[in-house]
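Thanks, everyone. I have one structure to walk through today, and I will keep it brisk.

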Amino acid sequence: MGVVVIALLFLPRVASGHTPGLSTAQFDVAPDGRVDAHLVFASAEPLNGTPLRDDDLRAFVLDGVDVSADGSRCDASWRGAYPTESDGLALDASYACAAGASEIAVTLYYLSALPPGHREVARIVAASGSAEAVLTGDRRALSLHLSAASAAPAPSSAAGRAARKARQLTVLYASFAAFMLALFVWRWRATRKR
């Protein structure tokens, strides 16, 4: 934890709240099998030329994201788009997957259409665990093996939800910090060679 805090102190600050070329995707798996997707892009992100109209954003997400449970594609529904507080654009969708699946897999096809070098910090979260990775146009898929315990409802207490949310944010920020630190070191080495 201390290394993450130190790394965050030395990361360069950007003027906007969300960095272009870096986006996030979180997929929350509910006990009934439903998967809620929350994608966040910098508002300056071109999204492969997609106009910021609701129908176009809907198509960008529903055609560009595939969620499956045990190899069977889950039916998608568009939940909407809205600006975030940190200069970003959030896109939400929901996927009706079968309850009791042993694996949830996500493929972000839209990453192949975004500019080279675009990175996506992606995460699948269920009551039994989580999986996270930095995805690119060359590596677009992430999966999570669910345990039998995931079929049981998650604790519904406010304290349990707050603790889960805090863990999720910690892992997401740590992943982002590691990515930014690697990018900083790469950039520093590249400028030293000149």
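The sulfur atoms of Cys 74 and Cys 97 sit 2.0 Å apart. The rule for a disulfide is a pair of cysteine sulfur atoms within 2.5 Å. By that rule, the count is 1 disulfide. The pair links distant parts of the chain, 23 residues apart. Cys 74 is in the loop between strand S4 (72-73) and S5, and Cys 97 is in the loop between S6 and strand S7 (103-108).

Buried or exposed, then, for Cys 74? Cys 74 is buried, at a relative accessible area of 7%. Cys 97 counts as buried too, at 9% relative accessibility. My cut-offs: buried is under 20% relative accessible area, exposed is over 50%, and partly exposed is in between, with a 1.4 Å probe and protein chains only.

**Ground rules**

This is a predicted model: local features need pLDDT of at least 70, side-chain atom pairs count only at pLDDT 80 or more, and totals for chains, interfaces and linings use all residues. Residues are numbered from 1 along each chain as its sequence is written, and side-chain values use heavy atoms, with hydrogens and water left out.

**The chain overall**

The protein chain has 3 helices and 10 strands. Along the sequence the pattern reads α-β-β-α-β-β-β-β-β-β-β-β-α. Of the 194 residues, 39% are buried. Contact here means heavy atoms within 4.5 Å. Among contacts between residues at least 6 apart in sequence, 62% join residues at least 24 apart.

**The sheet**

What is the strand order in the open sheet? The 6 strands run S5-S6-S2-S1-S8-S9, with mixed pairing. Strand S5 (75-83) and strand S9 (129-135) are at the edges, each with a single partner strand, so one side of each has no neighbour in the sheet. From one strand to the next, the twist averages 15°. Two strands pair if DSSP finds at least two bridges between them. S5 and strand S6 (residues 88-96) run antiparallel and are joined by 8 bridges. One of the residues involved is Ala 76, whose bridge partner in S6 is Tyr 95.

Helix H2 (residues 54-64) packs on this sheet and touches strand S2 (34-42), S5 and S6. The direction of H2 makes about 130° with that of S5. Axes are lines fitted to C-alpha atoms, for helices over the stretch in contact, and angles run from 0 to 180 degrees between N-to-C directions.

**The core**

The largest nonpolar core holds 37 residues. A nonpolar core is a set of buried Ala, Val, Leu, Ile, Met, Phe, Trp, Tyr and Cys residues joined through side-chain atoms within 4.5 Å. Phe 27, Val 61, Val 67, Tyr 95 and Leu 108 touch the most other members.

Take Tyr 95. Beyond four places in sequence, its contacts include Val 61, Val 67, Cys 74 and Ala 76.

Now Phe 27, in strand S1. Phe 27 is buried, at 1% relative accessible area. Outside four places in sequence, Phe 27 touches residues including Val 67, Leu 108 and Ile 124. Phe 27 and Ala 126 are 99 residues apart in sequence, yet 8.6 Å apart in space, C-alpha to C-alpha.

Last, Thr 24, also placed in strand S1 (residues 22-29). Thr 24 counts as buried, at 19% relative accessibility.

Notes: Helix = DSSP H or I, 4+ residues; strand = E, 2+ residues; numbered from the N terminus.
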